[in-house]
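Subject: Structure handover

Hi,

Here is the structure I promised to pass on. My notes on what turned up in it follow below.

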Amino acid sequence: MRPDTVFDPMMQHERTALAWERTAIASMVSGTLLARRAADLHVSLAALGVLQVVLGAALLIWTGLRYEQLHAPLRRGESPVHPAAVRLIGTTTVVFCGAAMVIAIASALA
């Protein structure tokens, strides 16, 4: 049950949830573009884009579940920060951007 009163007048948890949702959607869109472009080079490279779309979808689902879990720590005055998730998302973003750059360079040279 959600409370009737707002316990965070600046709505920080709302903005954080929206930022994670935007990140997940951007990841799915870029994965789709990566898969489409990589398929022109080799079908197995398109699997990277499909994997990125799947991970983006999983992140979107996790964001919704995590948003509901944020209310209890916020009511207790605890920090809802999840550093492992931040590291995982940052690492996968760098890996997929590097793969996209390699595919773009290979596509330009071909």
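The protein chain exposes about 7,500 Å², with carbon and sulfur atoms supplying 70% of that area. Accessible areas come from the Shrake-Rupley method with a 1.4 Å probe, and for residues only the protein chains shown count as cover. Please keep in mind that this is a predicted model: local features need pLDDT of at least 70, side-chain atom pairs count only at pLDDT 80 or more, and totals for chains, interfaces and linings use all residues. Residues are numbered from 1 along each chain as its sequence is written, and side-chain values use heavy atoms, leaving out hydrogens and water.

On the overall fold, the protein chain has 3 helices and 0 strands, giving the pattern α-α-α along the sequence. Helices (H or I, at least four residues) and strands (E, at least two) are DSSP runs, numbered from the N terminus. Of the 110 residues, 25% count as buried; buried means under 20% relative accessible area, exposed over 50%, and partly exposed in between (1.4 Å probe, protein chains only). Among contacts (heavy atoms within 4.5 Å) with a separation of 6 or more, 68% are between residues 24 or more positions apart.

Which rings pair up? A search of the whole structure gives 1 aromatic pair. The rings of Trp 20 and Trp 62 have centres 5.6 Å apart and planes at 80 degrees, so they sit edge-to-face. The pair links distant parts of the chain, with Trp 20 in helix 1 and Trp 62 in helix 2 (residues 46–76), 42 residues apart. For the record, rings of Phe, Tyr and Trp (its six-membered ring) pair if their centres lie within 6.5 Å; planes under 30 degrees apart are stacked, over 60 edge-to-face, and the rest tilted. Trp 20 is buried at 18% relative accessible area, whereas Trp 62 is partly exposed at 28%.

There is also 1 salt bridge (a side-chain nitrogen of Lys or Arg within 4 Å of a carboxyl oxygen of Asp or Glu). Asp 40 forms it with Arg 37, their closest N and O atoms being 3.5 Å apart. The two are 3 residues apart in helix 1, so about one helical turn separates them. Asp 40 is exposed at 58% relative accessibility, and Arg 37 is partly exposed at 44%.

Finally, Ile 25, Val 29 and Leu 33 make a nonpolar surface patch of about 280 Å². Patches use residues with over 30% relative accessible area and no salt bridge, joining like charges within 9 Å and nonpolar side chains (Val, Leu, Ile, Met, Phe, Trp, Tyr) within 5 Å. Ile 25 lies in helix 1 (residues 12–41).

Best wishes
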